[in-house]
Amino acid sequence: MTTPTELPEDREKTASGRHSWLREHSELGVCVLLLALGVLVLTDALTMDVDITQRGPVGPKTVPVVVGIGLLVIAALLAVDVLRGGRGEAEGGEDVDLSEPADLRTVLLLSGIFLGAAALIEPAGFPVAGALLFWGAAFALGSRRVDRDPLIAAVLSLITYVVFDKLLGVPLPGGPLMGVL
């Protein structure tokens with residue numbers, strides 16, 4: 001809706017000015033993400049049901065509360081910096097060509113492999129799911145050594161399982177192969 005004194009060209013200039021301001025301050029999206037994550041962590045920490053006998057001198061709520069407050073502080077400081085004109089520098093590197101688009105095929109392959117491994121971890125066990133994860137990630141990132149990659153993936157997965165399950169005491173699902181091994 002235009003006012004009698006507002007011309008359509010003025011409205012286009014206002015819209016393009018708003019669009020350019022948002023483009024120049026795109027880092028505010030990171031601030032919103034950090035803010036939402038901080039609120040989520042704090043909400044989860046403060047609503048945590050903790051038995052008084054479980055609590056030590058610090059308690060299980062302490063670290064999540066500190067992390068949540070830290071996320072909120074960083075979000076606020078970053079927002080102030082962006083609104084004052086601060087800008088993040090583009091990432092540069094000798095092997096990174098910033099003019100090229102992202103390799104969407106690799107990202108989708110890695111995402112699918114990760115989700116597949118997460119779905120297989122319970123029924124097949126960590127050693128099988130981990131081996132598929134390591135082998136699939138190597139394939140998605142360009143390795144085509146089918147004689148070597150599955151063996152390395154299986155060894156890495158078994159070592160990871162033994163370290164976490166047996167040495168560190170972090171229970172991982174062993175799956176049907178654990179009766180054989």
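Helices here are DSSP runs of H or I with at least four residues, numbered from the N terminus. T106 is found in one of them, α4, which covers residues 104-124. This is a predicted model, so to speak: local features need pLDDT of at least 70, side-chain atom pairs count only at pLDDT 80 or more, and totals for chains, interfaces and linings use all residues. Residues are numbered from 1 along each chain as its sequence is written, and side-chain values use heavy atoms, with hydrogens and water left out.

**Helix α4**
- The 21 residues of α4 reach 29 Å from first C-alpha to last, close to the 30 Å expected at 1.5 Å a residue (the expected span is 1.5 Å times one less than the number of residues).
- After α4 comes G125, with a positive phi near 95°.
- Its buried residues (under 20% relative accessible area, 1.4 Å probe, protein chains only) are T106, I113, A117 and A124.
- Part of what covers the buried residues of α4 is α5 (126-140).

**T106 up close**
- T106 has a relative accessible area of 13%, which means that T106 is buried.
- Beyond its neighbours within four places in sequence, T106 is in contact (heavy atoms within 4.5 Å) with A140 and L141.
- The T106 side chain also makes a polar contact with the side chain of D103, at 2.4 Å; the term takes a pair of N or O atoms within 3.5 Å, where within protein one must be able to donate a hydrogen and the other to accept it, and residues adjacent in sequence count only if both atoms are side-chain atoms.

**Rings**
- R144 lies over the face of F139, 3.9 Å from the ring centre (for Arg, CZ must be within 6 Å of the centre and within 35 degrees of the ring normal).

Note on methods:
Helix = DSSP H or I, 4+ residues; strand = E, 2+ residues; numbered from the N terminus. Buried < 20%, exposed > 50% of the residue type's maximum accessible area, 1.4 Å probe, protein only.
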